[in-house]
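Hi there,

Here is the structure I promised to pass on. Have a look at it first, and my notes follow below.

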Amino acid sequence: MSKEYMNDADQVMYKNQLSMSQYIKEYEVSPFYRFIESGWFLMPIFFSIAMLMIYVFFIWYRDWFGKNTFIYRLLMLPTERITIYLAKLTTIMLLVLGLVTLQILLFPIEIQIFNSIIPTDLQSHFSFYDIYSLKMWRWLYPKTFTEFILIYGVGLIFVAVLFTAILIERSYGLKGIFFAIVYGMLSFGVLFVSILVNEFDNGYFYALEVFLMELVMSIIVLGSAIWIANHLLKYKIRV
């Protein structure tokens, strides 16, 4: 992207007989926004997110369908079976946070590489906080701790519900697929019911009231997901 920008700039200056200072006045400088809005920047992030979504299923099904059916060894460990569920849930969240951390660490390196190719006169100040102009970035990197808890808390609940749906399918076979789909729809329906009601009711509730209702619904959905998973692991899934 840096070289493409420099080639374009050189052609424009040559064609219009512009000096560097004239070009700076008439055209954009420090086109780092070009990079962060390009596929070179966004596609690896989307690819990583997609792979994590696949791994949410793979982390369970590989234990059943792998070469040595490792799930039976896990279930025979002398500990509470819910520990397996919580360990896998923690693994997914650590991988998500690892992806977020990696992007933060790569960002200043990317800026340095970009600026090493762009002449100083064509550079302008660009920091990590400027990237919040991208809507997706605001979701990945919330500005406040409250937003961080809300966004990644919903992500945690989403993964927990998927884990429980997988255990339902594993417990009841083919009909378990239907039960798992119904359970997932009910869980997400309960999770977002207060927001939907407030939207249809033209903002009848205050923002704080919606937040508190969402907090209660989130606790209910997460608690029920863990409770159902614990019940299935104890009484439905046999070794």
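A salt bridge here is a side-chain nitrogen of Lys or Arg within 4 Å of a carboxyl oxygen of Asp or Glu. By this rule the count comes to 4 salt bridges. Before the details, a word on the source: this is a predicted model, in which local features need pLDDT of at least 70 and side-chain atom pairs count only at pLDDT 80 or more, while totals for chains, interfaces and linings use all residues. Residues are numbered from 1 along each chain as its sequence is written, and side-chain values use heavy atoms, with hydrogens and water left out.

Aspartate 63 pairs with lysine 88, their closest N and O atoms being 2.6 Å apart. That pair links distant parts of the chain, since aspartate 63 is in helix 4 and lysine 88 in helix 6, 25 residues apart. Both residues are buried (under 20% relative accessible area, with exposed over 50% and partly exposed in between, using a 1.4 Å probe and protein chains only). Aspartate 63 also forms a salt bridge with arginine 62, at 3.9 Å between the closest N and O atoms. Arginine 62 is partly exposed, because its relative accessible area is 36%.

Another salt bridge joins arginine 170 to glutamate 169, with 3.0 Å between the closest N and O atoms. Salt bridges that share partners join Arg62, Asp63 and Lys88 into one network.

On the fold: the protein has 9 helices and 0 strands (DSSP runs, H or I of at least four residues for helices and E of at least two for strands, numbered from the N terminus). Of its 239 residues, 35% count as buried.

A pocket is an open set of points on a 1 Å grid over the protein atoms alone, where a 1.4 Å probe fits, with protein on both sides within 12 Å along at least five of seven lines; lining residues have an atom within 4 Å of a point. The lining has 35 residues, and Leu150, Ile151, Tyr152, Val154 and Gly155 lie nearest the centre. Helix 8 gives the most to this lining, with 15 residues.

Which helix holds threonine 164? Its place is in helix 8, and threonine 164 counts as buried because its relative accessible area is 0%. Leaving aside neighbours within four places in sequence, threonine 164 is in contact (heavy atoms within 4.5 Å) with residues including Tyr85, Tyr183 and Leu232.

Best wishes
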